[in-house]
Amino acid sequence: MGLVQLIAEADGRSLAASGLACLDRCQPLLDEEPDVLRPLWAGIAEGEEGWAGQLAAARAALDEAPVDGTSSDAWAPVRKMIAAAPSEWAAGPLGEWAAACSDLALELHRELDPAGGACGPLLAGEERRQIQILELLAGNPDGAALRRALDLSTEGRRVLRAALSRRARGGG
């Protein structure tokens, strides 16, 4: 099943986790990484009761996070997507948000891919991770599936960080 179809068929929990995971993987682009997104994972685990509160806390933390000019530019898309996240735990609004987060993460990976915009390894890996997270969470309401989704996201952050490091050294 493709990414678009997986997003269309996902439940609220899977959509919230998918969107958050995409934003989580964008963090290596930032100089200073305040860990403001991490508590949102706990909000997802708590479901509807925890999501809105953790989302409000993440928004407040992002507003308070000190940023210089460079990291402010890098944080802008993440701040915009967190601001756009629906507080209500409903598949419709969460689906639109998750799709927008997916598009943002894919675009960032496309721009940084050494293949120059084609479907190179960085972009393909990001798409594969997004699909794996949605498949993993589909029908698995337990905390272990959510923890594995977080692990996949963390793996993606390491991959992107390594790609950025290679790029900074002039290795493409």
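Helices (H or I, at least four residues) and strands (E, at least two) are DSSP runs, numbered from the N terminus. The model is predicted, so that local features need pLDDT of at least 70 and side-chain atom pairs count only at pLDDT 80 or more, while totals for chains, interfaces and linings use all residues. Residues are numbered from 1 along each chain as its sequence is written, and side-chain values use heavy atoms, with hydrogens and water left out.

**Exercise 1.** Determine how many helices and strands the protein has.

Solution. Counting the runs gives eight helices and zero strands, and reading along the sequence gives the pattern α-α-α-α-α-α-α-α.

**Exercise 2.** Locate D24 and characterise its surroundings.

Solution. Begin with the helix: D24 belongs to α2. Next, take its relative accessible area, which is 0%, so D24 is buried (under 20% relative accessible area with a 1.4 Å probe, protein chains only; exposed is over 50%, partly exposed in between). Then list its contacts (heavy atoms within 4.5 Å): leaving aside neighbours within four places in sequence, D24 meets L37, R38, W41, L150, S153 and R157. Finally, the side chains of D24 and S153 are joined by a polar contact of 3.3 Å, a term for a pair of N or O atoms within 3.5 Å, of which, within protein, one must be able to donate a hydrogen and the other to accept it, and residues adjacent in sequence count only if both atoms are side-chain atoms.

**Exercise 3.** Find which residues touch the most other members of the largest nonpolar core.

Solution. A nonpolar core is a set of buried Ala, Val, Leu, Ile, Met, Phe, Trp, Tyr and Cys residues joined through side-chain atoms within 4.5 Å. Among the 44 residues of the largest one, W41, I44 and W51 touch the most other members.
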